[in-house]
Structures are given as C-alpha cells and as structure tokens.
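Open the model in your viewer and keep the selection tool at hand. The tour moves from the whole chain to single residues.

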Amino acid sequence: MSVHVITGAGPIGTATARLLAASGERVRVVTRTGGGPEHPLVERVAADITDTDRLTELLRGARTLYNAAAPAYQDWRTAFPPLAASLLTAAERTGTDYVMLGNLYGYGPVAEPLTPGLPLRPTSDKGRVRAAMWEEALAAHKAGRVRVAEVRASDFLGEGALSLFTWTVVPAVLAGTEALLPVGLDEAHAWSYADDVARTLIAVGGREDGWGRAWHVPSTSELSVRALAGRLAAAAGAPDPRLRRMTPGELAELAARDAVMAEVPEMAYLYDRALRLDASETERVLGVRATALDLVLKELVESGS
C-alpha cells in the first residue's frame with residue numbers, strides 16, 4: 001500500500017490525515033514535534049521539513065505530498081521561501097506528486113469573483129511570497145520534473161482553525177463582549193471550512209487530470225464579518241454581537257506590541273471590498289461541495305474556537 005505524506009498538523013493537515021486514514025490510506029504526518037492525529041494508519045514523524053535530505057528520505061515510496069505547513073505569519077518573507085524550496089526539491093528527487101495548500105494573496109486586489117485562471121498580480125509582500133512559491137512549482141511541473149497543483153482557500157473556519165474571525169470575533173461573540181477588528185466589517189467575504197479544504201486537497205491528489213493548475217475551495221459562506229458574527233451569535237444563543245473597526249491609532253498601538261497584528265494592514269484590502277471565490281470547477285470536476293454553514297457554526301460554538 002502506498003503512503004501519503006502530509007507536512008503540518010494544524011487543522012488542515014490533521015483533517016487531511018484523518019480523512020485519508022478513514023478511507024483506508026496510509027499516512028505519514030511530518031512536523032517538528034511529531035504531532036498529528038492518532039490513528040492506526042497514521043505514522044507521526046518528528047523532522048524539520050527545511051532539511052531537504054531528511055524530507056527526501058521521508059518521501060521515498062510515497063504517492064502524494066500534501067503541504068499544510070507554514071511558518072509564523074510574521075516570518076513569511078524570510079521563512080516561507082526555504083520551506084517551499086525544500087518541499088519542491090524533495091518532491092522532484094522522489095517523483096512524489098505534490099499538492100500545495102495556498103491562499104488568495106497572490107491575486108492582489110480584484111473586483112470580480114476570483115477564478116483559478118486569473119493572473120497573479122500581488123500587491124503585498126506576503127502575496128509576492130505566495131505567488132513566487134506557486135510560479136516556481138509550476139515551472140518545475142512544466143519542465144516535467146514533478147507533478148504539482150495548488151489548492152487555494154480563503155479565511156479559515158472550523159475547530160482550531162486560525163483566521164482573523166476565529167481569533168477575534170468568535171471568542172468575543174461567545175463571551176458577549178465587543179470584538180475590535182482592524183479591517184472592514186460589512187463587505188461580502190469568502191470563508192473556507194477546514195474539512196472542505198482537506199477534501200479538496202485529497203480530491204486533487206487523487207486524480208490524473210488535476211495537475212499543473214490551481215483549484216479553489218468551495219466557500220461555506222460569503223457573508224460579511226458582521227453578518228457572519230450575527231449568525232454565530234444566533235447559533236450560540238448569545239446576545240447580538242458588538243463589532244467595531246479599530247481606529248488607525250488603535251491599530252498602530254496594537255501593531256507596535258503584536259507581531260502578527262502588525263502584518264494585517266497590508267492585507268486589509270481583502271476585507272475592505274467584496275471577496276468572492278469562484279469554485280465552480282472544483283464542484284463540477286472534483287465533486288467537492290461546501291459544508292453547510294449551520295454545521296460549521298455548530299462546530300465553532302461547541303469547540304469555542
């Protein structure tokens with residue numbers, strides 16, 4: 001039986017491992033600490049994935065590499081390129097099919113719904129990092145050195161998933177306190193449920209015709225931050241949510257003492273205009289459809305995150 005290698009054991013890596021193992025597939029989860037879900041078909045390995053030689057060893061005989069690992073948000077500029085280079089090199093050395101977890105930063109500000117075929121025109125540092133990672137992998141694919149594809153998701157929802165919404169809004173709504181955000185609150189916004197991201201990754205990796213391109217995760221919702229907070233409050237039986245956008249002064253003060261928050265302003269355009277994701281090809285070709293929002297909200301309420 002072939003093995004699938006997953007790098008990263010956050011919510012997406014864990015969900016991907018669990019789904020593959022539940023279907024009878026062998027899985028090797030690689031993290032710095034050896035973490036990951038417990039399952040008879042899941043092998044957990046402690047390794048540094050920027051150690052290309054070690055990663056190459058772990059990929060020997062593997063069918064598919066799914067990368068769900070990322071450095072700390074504030075370290076993307078310096079830490080993501082070597083991580084991406086190690087993953088790509090190891091996949092090339094071993095002939096392992098490689099499915100990358102990506103996001104929407106590489107597109108830059110776009111007025112219309114995002115489609116997978118749009119050119120990458122990033123306007124942010126983090127967007128340029130993401131775009132370069134994909135362009136390097138795609139060049140290797142076109143040269144015949146490896147088969148790659150990228151699954152692009154929007155902001156995450158789900159138990160343990162980290163996004164501006166789960167970080168700031170969910171705990172405030174469940175506690176009945178005010179949520180203070182550094183971005184716009186009232187524009188339509190695509191939201192990706194962690195299990196839907198995992199199912200899309202697996203669907204791409206399981207096909208012969210999905211390589212050399214990007215795929216979008218179907219959105220569980222396109223509600224604005226404010227509207228989504230209202231739905232969460234209703235699901236939890238909590239008071240009507242109180243949300244407020246930070247003033248520039250409040251944001252500057254917070255950014256001065258919080259390295260992650262300091263990275264948010266360059267990405268605020270994602271919330272200050274409508275962000276809609278066209279995943280019709282994923283639905284039609286891969287058969288992946290979004291989980292109903294009510295189920296996602298129920299999970300958020302029960303987990304408290």
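What percentage of the 305 residues in the protein chain do buried residues make up? They make up 51%. Buried means under 20% relative accessible area, exposed means over 50%, and partly exposed lies in between (1.4 Å probe, protein chains only).

Some ground rules. This is a predicted model: local features need pLDDT of at least 70, side-chain atom pairs count only at pLDDT 80 or more, and totals for chains, interfaces and linings use all residues. Residues are numbered from 1 along each chain as its sequence is written, and side-chain values use heavy atoms, with hydrogens and water left out.

**Whole chain**

Show the cartoon. The protein chain has eleven helices and eleven strands. These are DSSP runs, numbered from the N terminus: helices are H or I with at least four residues, strands are E with at least two. The C-alpha atoms fill a box of roughly 55 × 40 × 40 Å along the principal axes. The radius of gyration is 19 Å, which agrees with the value near 19 Å for a compact globule of 305 residues. That radius is taken over C-alpha atoms, and the globule rule is 2.2 Å times the number of residues to the power 0.38.

**The cores**

Select Y98, L114, F165, L181 and V225. Among the 73 residues of the largest nonpolar core, these touch the most other members. A nonpolar core is a set of buried Ala, Val, Leu, Ile, Met, Phe, Trp, Tyr and Cys residues joined through side-chain atoms within 4.5 Å. Helix 3 (residues 76-94) gives this core its largest share, eight residues. Next, pick V42, A203, W211 and V217: they are among the 24 residues of a second, separate core.

Now centre on F165. Beyond its neighbours within four places in sequence, F165 is in contact (heavy atoms within 4.5 Å) with L157, V170, W191, V225, L228, A229 and L232.

**S221**

Go to the loop between strand 10 (214-216) and helix 7 (225-236); S221 lies there. Is S221 buried or exposed? S221 counts as buried because its relative accessibility is 7%. A polar atom of its side chain lies 2.9 Å from the backbone nitrogen of L223. Leaving out neighbours within four places in sequence, S221 is in contact with H189, A190, W191, L228 and L293.

**Helix 11**

L293 leads on to helix 11 (residues 293-303), whose buried residues are L293, V296, L297 and L300. The arc is that of the directions from the helix axis to the C-beta atoms. They pack against strand 7 (155-157), helix 5 (164-175), strand 9 (191-193) and helix 7. Turn to the other side, where D294, L295 and E302 are exposed. G304 follows helix 11 with a positive phi, near 75 degrees.

**Helix 2**

Select helix 2 (residues 52-59). T52, L55, T56, L58 and L59 are buried. Down the axis of helix 2, its buried residues fall within an arc of 165 degrees, so they too line one face. Their cover includes strand 1 (3-7), strand 2 (26-31), strand 3 (42-46), strand 4 (62-67) and helix 3. Just after helix 2, G61 has a positive phi of about 80 degrees.

**E92**

Finish in helix 3, at E92. E92 counts as partly exposed, at 24% relative accessibility. Not counting residues up to four places away in sequence, E92 touches A140, R145 and V146.

Technical notes:
A polar contact is a pair of N or O atoms within 3.5 Å; within protein, one must be able to donate a hydrogen and the other to accept it, and residues adjacent in sequence count only if both atoms are side-chain atoms.
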